Amino acid sequence: MHTKQIGKNLYLIDLETGGYKNFIGSYVIKTSKKTIVIESGPTNSIPNLLHGLTELKINPKEVDIVALTHIHLDHGGGVGTLLKHLPNAKVLVHPRGVPHIVDPEKLWVSSQSVLGFVSEIFGKPEPVPQDRVTAMTEGTINLGNGDDLTIIETPGHASHNLSFHESFNNGIFTGDAAGTYFPEFNLVSPTTPHPFYLEASLATLNKLASYRPSMLYYSHFGEADDAVRRLRGYKAQLLMWDKIVQDAVKQDQNFEQITACVLTEDPIMSNLSAFLQGHTVYAKTAIENSLCGFIEHVKKAQVKQES
């Protein structure tokens, strides 16, 4: 199990979901006043998360909050299972996510349809008791000694995406709002599954940059510095994808042709292409699902313009 301290009062647990390292992470904020887990990860990784807490010498009874950036299986699917082991913890989630963690059956069916075999790698979510849910879109959590965790509403990747700014290290937990980070390459790829909201994503990136963060903490995967430059670079990458896909759709290209265009015309994706296509999960999520979401967004925008 891989756990490491990545900043003041801040730890990263590599959940090693499906046996993949550097794929999905949970973060732990530990102060004398609060213990907060950010991202439960999927159901099948909960044993690894609990083992990570043990490695960090954190008693499950100490955990006050499990904060979810959003309720997709890889980020919050395991929270119902996790809470069975954290008797004093509440779940912090966007209001739109509440129905889907209290009764996750529709989420599971939808995830199976979208993710296919990947949903089985993540595992079926269990329900969260209503009285253990705190719904928020903004606010702050006092961490003691003048420090706090700020909740930021950051739609785009999903309408219910939240990010969290911690004041100890001036870092932001981005969920999927700022893409997927590959530490082996020091590169980011888009996370744009259907339904994807480009305009909201661009506004979110501006909003996150306005905090002038020093660090970004990606759920996929790990910490990265030079945060403002990365946010601006990701914004530019989304705009590049928009142009590439718009041109391809106007030419009536099929999915395979559009994929080839993106993987060759975007220099970042060109560098990541071999790795992503050789990765069982990322081939499905980072390429197929993200491109499907972007293509649907472009087609819908074009129909709206023509009407």
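This is a predicted model: local features need pLDDT of at least 70, side-chain atom pairs count only at pLDDT 80 or more; totals for chains, interfaces and linings use all residues.
**Chat notes on loops, cores and helix packing**

User: What about Glu-39, buried or exposed?

Analyst: Glu-39 is buried, at a relative accessible area of 1%. Glu-39 is in the loop between E4 and H1, and has a positive phi of about 80° although it is not a glycine. Just after H1, Lys-57 takes a positive phi too, of about 60°.

User: Which residues of H1 are buried?

Analyst: In H1 (residues 46–55), the buried ones are Ile-46, Leu-49, Leu-50, Gly-52 and Leu-53. They end up on the same side of H1 because they cover an arc of only 155° around the axis. That arc is taken over the directions from the helix axis to the C-beta atoms. As background, an α-helix has 3.6 residues a turn, so residues three or four places apart point the same way.

User: And what's on the face of H1 turned away from its buried side?

Analyst: The exposed residues Pro-47 and Thr-54 are on that face. The buried residues of H1 pack against strands E1 (2–7), E2 (10–14), E3 (25–30) and E4 (35–38), plus helix H3 (79–83).

User: What does Leu-53 contact, leaving aside neighbours within four places in sequence?

Analyst: Ile-13, Val-28, Val-37, Ile-58, Val-63 and Leu-86 are in contact with Leu-53. Contact means heavy atoms within 4.5 Å.

User: How many residues are in the largest nonpolar core?

Analyst: There are 73, and Leu-53 and Val-66 have the most contacts inside that core. H8 gives the most to this core, with 9 residues. A second, separate core has 21 residues, including Ile-29, Ile-65, Leu-92 and Phe-168. A nonpolar core here is a set of buried Ala, Val, Leu, Ile, Met, Phe, Trp, Tyr and Cys residues joined through side-chain atoms within 4.5 Å.

User: OK, H8 then. At what angle do H8 and H9 pack?

Analyst: H8 (residues 227–250) and H9 (residues 255–265) pack at about 145°, and their axes are 10 Å apart. Axes are lines fitted to C-alpha atoms, for helices over the stretch in contact, and angles run from 0 to 180 degrees between N-to-C directions.

User: Which residues make the contact?

Analyst: On the H8 side they're Met-240, Trp-241, Ile-244, Val-245, Ala-248 and Val-249, and on the H9 side Ile-258, Cys-261, Val-262 and Glu-265. By class, the contact of H8 with H9 has 9 nonpolar, no polar and 1 charged residues. Ala, Val, Leu, Ile, Met, Phe, Trp, Tyr, Cys and Pro count as nonpolar, Asp, Glu, Lys and Arg as charged, and the others, Gly among them, as polar.

User: Lys-250, buried or exposed?

Analyst: Lys-250 counts as exposed because its relative accessibility is 61%. Lys-250 is in H8, and its C-alpha is 9.9 Å from that of Val-298, which is 48 residues apart from Lys-250 along the chain.

User: How about Phe-294, buried or exposed?

Analyst: Phe-294 is buried, at 0% relative accessibility, and lies in H11 (residues 282–306). Apart from neighbours within four places in sequence, Phe-294 touches Thr-192, Phe-196, Leu-198, Leu-238, Trp-241, Asp-242 and Val-245.

User: Switching topic: which peptide bonds are cis?

Analyst: His-194 to Pro-195 is cis, with omega near -5°. Pro-195 lies in the loop between E13 (187–189) and H7 (198–209). His-220 to Phe-221 is cis as well, with omega near -25°, and Phe-221 is in the loop between E14 (215–218) and E15 (222–224).

User: What else does His-220 show up with?

Analyst: His-220 is one of the contacts of Thr-180, along with Leu-187, Val-188, Ser-189, Thr-191 and Tyr-282, leaving aside neighbours within four places in sequence. Thr-180 is in E12 (residues 180–182) and counts as buried at 3% relative accessibility.

Key:
Residues are numbered from 1 along each chain as its sequence is written. Side-chain values use heavy atoms; hydrogens and water are left out. Helices (H or I, at least four residues) and strands (E, at least two) are DSSP runs, numbered from the N terminus. Buried means under 20% relative accessible area, exposed over 50%, partly exposed in between (1.4 Å probe, protein chains only).
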